[in-house]
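Let's take a friendly walk through this structure, going from helix packing to the core and then to the charged pairs. Please keep the 3D view open as you read.

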Amino acid sequence: MTPRIDESSPLMEALTAYSREREAAAAKARKQLGVNELDAKALAIVGARPGMRPSELAATLGVTSAGITTMVERLVRRGILRREADDSDRRVNHIHLAVDLEKEPWSQLARFDDACRRIIGSLDAQIERDLADFLTKTTAAATEEVERVDAEADASAAA
């Protein structure tokens, strides 16, 4: 079934508004804290996995080791991250947060998602499962479609 252009889906509008507002809230928090999007992702990752090595962070974020070195150095100078030398190998560093992401001003990074979690927590369990199933299937189908179109474009460009 092909959607008609003149039809509007309240669900699609709601998803679009959610996505737009979530990104706007994240951008505002990053701006207020003076960090970029990659920095914010790194902080969330290090917060979830304290003590990780810079090479692990680079692999997780998909950036070069030089890029991670620059980022970590900048965030260490700002007092946001701290490095600790490995006890058994002084050449190895482990990265830790030097700030508490759950306290102001850093909690701004998760405020939008925290509000969403509270609302989700008030939903009937079956409604939550149904919505999760819908979003999972929709995301998979849309991702597959984008990958298919990209593969066709790549094939056309190579020909």
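What follows is a short tour of a predicted model.

On the H2 side, Leu38, Asp39, Ala42 and Leu43 make the contact, and on the H4 side Met71, Arg74 and Leu75 do. By class, that contact has five nonpolar, two charged and no polar residues.

In soluble globular proteins, nonpolar side chains tend to be buried together. Here the largest nonpolar core has 20 residues, and Leu57 and Leu81 touch the most other members. H2, helix H3 (54–61), H4 and strand S2 (93–97) each give two or more residues to this core. Leaving aside residues up to four places away in sequence, Leu57 touches Ala42, Ile45, Val46, Met52, Ile68, Val72 and Ile95.

Now for the charges: the whole structure holds 14 salt bridges. One of them joins the side chains of Glu73 and Arg83 at 2.4 Å, N to O. Because Glu73 lies in helix H4 and Arg83 in strand S1 (residues 81–85), this pair ties together parts ten residues apart in sequence. Glu73 is partly exposed, at 31% relative accessible area, and Arg83 is partly exposed at 33%.

In H5 (residues 111–121), Asp114 and Arg117 are three residues apart, about one turn, and their side chains meet at 2.8 Å, N to O.

Conventions. Residues numbered from 1 in each chain as written. Predicted model: local features only at pLDDT ≥ 70, side-chain atom pairs only at ≥ 80, totals over all residues. Heavy atoms only, no water. Contact = heavy atoms within 4.5 Å. Helix = DSSP H or I, 4+ residues; strand = E, 2+ residues; numbered from the N terminus. Nonpolar A, V, L, I, M, F, W, Y, C, P; charged D, E, K, R; others polar. Core = buried A, V, L, I, M, F, W, Y, C linked by side-chain atoms within 4.5 Å. Buried < 20%, exposed > 50% of the residue type's maximum accessible area, 1.4 Å probe, protein only. Salt bridge = Lys/Arg side-chain N within 4 Å of Asp/Glu carboxyl O.
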